[in-house]
Amino acid sequence: MATSFTEKKQTVATRAAVILPWERSAHGQDVRAAEARLEEAVGLTASIGLVIVRKAVLLLRARRSATLLGKGQIDSLRIAVKADNIDVLVVDTKLTPAQQRNLETEFGCKVIDRTGLILDIFGARAATREGTLQVELAHLEYQRSRLVRLWTHLERQRGGFGFLGGPGETQIEADRRMIGERIVRLKKDLEQVRRTRGLHRQARKRVPFPVVALVGYTNAGKSTLFNALTGATVYAQDQLFATLDPTMRAIELPSGRQVILSDTVGFISDLPTELIAAFRATLEEVAEADIILHVRDIAHPDSTTQKKDVLGVLESMAKDNMLEQDWPNRMIEVLNKVDLLGGQAAVPQGDETVAISAITGDGLDRLLARIDQRITSGMEVVRYAMPLADGAALAWLYQHGEVVDRKDQEEETDITVRLLAEDRARFERQFRHITPQMA
Ligand SMILES: Nc1nc2c(ncn2[C@@H]2O[C@H](COP(=O)(O)OP(=O)(O)OP(=O)(O)O)[C@@H](O)[C@H]2O)c(=O)[nH]1
Ligand SMILES: [Mg+2]
């Protein structure tokens, strides 16, 4: 893994300030939007273990090429960094390599930008092989772009073309070559992983129960819902990306049918484009899901934009064959946090939406019933003839399907059962001696 900020294990808490540069021209005067965005950045920063001692929205009249911020802002920040003993300044926007370096010089502390911050988070969260490779690739490309610019900057300072070949320059060139070679290797490895992806999906389909995946924006309440539904004690708190690992747990639906619930990585707003591939790779669990629960924070000011973002990413995954084309049929929209809006009645619900509060438990029974219904609607009716002595096969059918009819003879039974298409395939693979009859 590329060097990561969080890899330096800290014994003493690292103190951070989080600032959100807010351009009036680009963002307008929407104070509520700025506050929500700042809170997201604070959550992201907390999730890599930094202690936030100061946070602020800084209005920008223009982006200054050398330092981004204006002179007065820099002066007052310098005082704050000193007074609060700040080790890291998180600037929630994209900084050019020169801006980052200049700000570090101004403040005498480490400065990280939004891309650097998110890369760090993804690095800690990537679970699959593709995810890990994809994140490392993004990290190296980020580093390389910083090296290249630094190099040209030095060249300019010397007023030449690098013929002098000073030691610093040689080192940078060597670093750049090393990074370049590693990138080529990673891309090859990724190719290989992608080619075998189809095979893995087949293997994963052998999980014995339908999979229900929770997706949605960071802080939407996925982990809280996951806990409410499993009664499990999985880490959930008001901290973005509290989930460090994709978590899977079996739960029982009202019908008695078992499903596997899977919590996933949260979406974040304005994901830097160079990180989209890495993020999508961390979402691979969704590809295996029989049902996708799209959890939304319906009380969030950007709720509608967040929804569009989520659907956009899923669509792009389907386009690249990471997700099966019929994914919209498998989705249920979960409007969470209705307690903040005065209960279920405040929110319109349709066939594809269920309003809930993961905190109060309001609407959870309806959600479970809806999941049950959705699973059943995708079922087929099949008839099998099998030896009565085959207890394992019979038990399997009772556990995974709904037995509609059964006629026992002396040695044999003729059984009609409703099964998911995948379950039917699983059953017929596992019990090859049993023959499906004409319905
Ligand atoms: N009022 C209210 N707060 C909720 C509800 N559900 C979750 N929250 C709060 O929202 C915050 C985020 O919840 P999480 O479950 O950690 O969110 P998440 O979607 O898992 O976030 P990531 O793991 O970062 O993607 C926590 O403070 C929860 O207590 C709800 O129904 N009502
Ligand atoms: Mg979570």
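Among contacts in the protein between residues at least 6 apart in sequence, what percentage join residues at least 24 apart? The answer is 67%, where two residues are in contact if their C-beta atoms, placed from the backbone, lie within 7 Å.

Before we go on, a few ground rules. This is a predicted model, in which local features need pLDDT of at least 70 and side-chain atom pairs count only at pLDDT 80 or more, while totals for chains, interfaces and linings use all residues. Residues are numbered from 1 along each chain as its sequence is written, and chains are lettered from A and ligands numbered from 1 in the order in which they are written.

The protein has 13 helices and 14 strands; these are DSSP runs numbered from the N terminus, with helices (H or I) of at least four residues and strands (E) of at least two. Of its 439 residues, 32% are buried. A residue is buried if 20 or more other C-beta atoms lie within 10 Å of its own, exposed if 12 or fewer, and partly exposed in between, with C-beta atoms placed from the backbone.

Let us start with helix 2 (residues 31-47). Among the buried residues of helix 2 are Arg-37, Glu-40, Ala-41 and Leu-44. The buried residues of this helix pack against strand 1 (15-23), strand 2 (51-60), strand 3 (88-91) and helix 5 (114-125). Just after helix 2 comes Gly-49, with a positive phi of about 85 degrees.

Of its 84 residues, Leu-89, Val-90, Phe-122, Val-212 and Ala-213 touch the most other members. Strand 1 gives the most to this core, with six residues. Leaving aside neighbours within four places in sequence, Val-90 is in contact with Ala-16, Val-18, Ala-41, Thr-45, Ile-112 and Leu-117.

Two loops deserve a visit. Leu-68 lies in the loop between strand 2 and helix 3 (71-83) and has a positive phi of about 70 degrees although it is not a glycine. Leu-68 counts as buried because it has 24 C-beta neighbours inside 10 Å. Asn-219, in the loop between strand 5 (211-216) and helix 8, is not a glycine either, yet has a positive phi of about 75 degrees.

Helix 8 (residues 222-230) holds Ser-223, which UniProt lists with Thr-243 for "binding site" in an unreviewed entry. Ser-223 is buried, since 24 other C-beta atoms lie within 10 Å.

Finally, find the open sheet of four strands, which has the order 12-13-11-14 and antiparallel pairing; two strands pair if DSSP finds at least two bridges between them. Strand 12 (402-408) and strand 14 (435-437) are the edge strands, each pairing on one side only. Nine bridges join strand 11 (residues 379-387) to strand 13 (residues 412-420). Helix 12 (residues 391-400) packs on the sheet, touching strand 11, strand 12 and strand 13, and its direction makes about 30 degrees with that of strand 13. For such angles, axes are lines fitted to C-alpha atoms, for helices over the stretch in contact, and angles run from 0 to 180 degrees between N-to-C directions.

Technical notes
UniProt positions renumbered as here; feature names shortened; annotations may be inferred. Core = buried A, V, L, I, M, F, W, Y, C linked by C-beta atoms within 7 Å.
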